[in-house]
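Biologist: I would like to learn how to read symmetry, sheets and helix packing. Please take me through a case.

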Protein chains: 2
Amino acid sequence: MAKIIDGKQIAEEVKTKLKNKIESLKENGITPHLSVLLIGDNPASHVYVSMKEKACSKLKISSEVRRLSKELSQEEVIKNVEELNNNKDVNGILIQLPLPKHLNENEILMKINPQKDVDGLHPVNFGKLLAGNPEFVPCTPAGILEILEYENIDPEGKHAVVVGRSNIVGKPIAALLMRKAKGGNATVTVCHTRTKETAHFTRQADILIAAMGVPETITGDMVKEGAVVIDVGMNRVDDPTAKKGYRLVGDVHFESVEKKVKAITPVPGGVGPLTIAMLMKNTVLAAKNQNLS
Amino acid sequence: MAKIIDGKQIAEEVKTKLKNKIESLKENGITPHLSVLLIGDNPASHVYVSMKEKACSKLKISSEVRRLSKELSQEEVIKNVEELNNNKDVNGILIQLPLPKHLNENEILMKINPQKDVDGLHPVNFGKLLAGNPEFVPCTPAGILEILEYENIDPEGKHAVVVGRSNIVGKPIAALLMRKAKGGNATVTVCHTRTKETAHFTRQADILIAAMGVPETITGDMVKEGAVVIDVGMNRVDDPTAKKGYRLVGDVHFESVEKKVKAITPVPGGVGPLTIAMLMKNTVLAAKNQNLS
């Protein structure tokens, strides 16, 4: 039976370490501050953002959420970003994705001051990550690295297979796992919707990262005995027996995969808590960089 | 027997198309200009730079090479870059790599105005490439895409294996081949010095990119029948029978690989000519962007 990786506990340990850093910043008169732009009424985005607010509050990181209409124009969004850029009290800026379809995501992300880009998606930060000198690492990939480190799983020399090529997970985790540094040095394969026979690749994975956003797609027959499986999916599936009418499942079919592998992250309670913890970590880093360097 | 891909011919066709663009720019009073910083006395770098100068001259692109002492300090190099950034007549800036070891390459590349970064190595351009909206693509990866397109080799759904994870070739070509766009959509594996049993991966490759900089390492037993092999290597190997005392070989052992594969680029005359042609293309693009947008 697989070890079920306890993402909540790992996140708690990350946050405990952060508390000390935040206290010592406060002794220097610095309170880290995160501003979030939440545009439109995507229900999942609203849930994620309240979780981020709660995490800030628990850690005594100051936070503000601008909940803005889905009708907002490109220019108005950019105006908001620029206000936050110019506000010295704002250390971190997060634009909750996805944006309403009429907005140009790339252009908006470009406008964030890279020093405040706690989501790590500005091209400068994305480029530094690919070049091998990451500064702000996108939160989910950073959380995956944290899990691997905590569980003493060294990717060096292992075959890591990433399924999904999104900008927020697939591409950055691939770059991180292949980089020439501790926590990297894996041979990395990236699969996606155009891959012929994904199972051919996932079966070779020592470390499998499932990040395609399709419920329960990775099944037991698609994994190697003894693999480590990180499930980044967070999908709502209708379930009339559940209180809310739905339940959350990952991109991995947990029951069949769990039987074969060495370790697996559950959904919920796996990667999710780490993603938020890493956002807090990036916000503290931003506050420190902006004030103490 | 494999088709020997004629990089020179493909490069000539690229340059012929460029000539028309350059003429129409000149009709608008614009002469594209490339400035090259060549620091130190690396003999290969001097050869490459003269090839770039010649290519400019043939296409009537204006060029200047600053040949600078290997003793130059970090500050002096940055001062040179800033001068070129501020000079409106300079459209493209290329810093010939590798730099002498006392210099901080990342910091210097960061100083180039991204709009003049014809080598595509500034983090902003590198990040845009990874994010899937490339602007200036590094020249060698751009040349590889050009070869594949010219030879009607569509990477979509194929397994592309990249051996080598350098910033100038391995990482950017991996990002380009996996991107969701025409000329991309391959399943991509990146191998490197820490890969256990590289042959296990190279044998699976439909498209094999050899870019590790180690002479004749990919041998016939390491490739699949019918694969397409792109050899990015350019290594000097002692050869007393040669006029110069050395000959150039790739990272692929040509004789044994050629027998098994469908197509292969030779060294020299494969990727090399394309690299220079793509530098010309980026320079023309920079001149156009800076003047006509």
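Modeller: We take the copies, then the sheet, then a helix pair. This is a predicted model: local features need pLDDT of at least 70, side-chain atom pairs count only at pLDDT 80 or more, and totals for chains, interfaces and linings use all residues. Residues are numbered from 1 along each chain as its sequence is written, with chains lettered from A and ligands numbered from 1 in the order written.

Biologist: By what turn can chain A be laid on chain B?

Modeller: Copies are superposed by least squares on C-alpha atoms of residues with pLDDT of at least 70 in both. Here the turn is 180°, with a shift of 0.0 Å along the axis and an RMSD of 0.0 Å. The two copies are thus related as by a two-fold rotation axis.

Biologist: Which strands are the edge strands of the sheet?

Modeller: Strands of a sheet pair through backbone hydrogen bonds, either parallel or antiparallel. Pairing takes at least two DSSP bridges; strands are DSSP runs (E, at least two residues) and helices are too (H or I, at least four), numbered from the N terminus. The open sheet has 12 strands with mixed pairing. Its edges are β1 (3–4) of chain A and β1 (3–4) of chain B. β1(A) pairs with β11(A) in the parallel sense over 2 bridges, and A:Lys3 stands opposite A:Ala263.

Biologist: At what angle do α1(A) and α10(A) cross?

Modeller: Two packed helices are described by the angle and the distance between their axes. Axes are lines fitted to C-alpha atoms, for helices over the stretch in contact (C-beta atoms, placed from the backbone, within 7 Å), and angles run from 0 to 180 degrees between N-to-C directions. These axes come within 8 Å and cross at roughly 15°. The helices α1(A) and α10(A) are therefore roughly parallel (under 35 degrees).

Methods:
Parallel < 35°, antiparallel > 145°, perpendicular 65-115°, else oblique.
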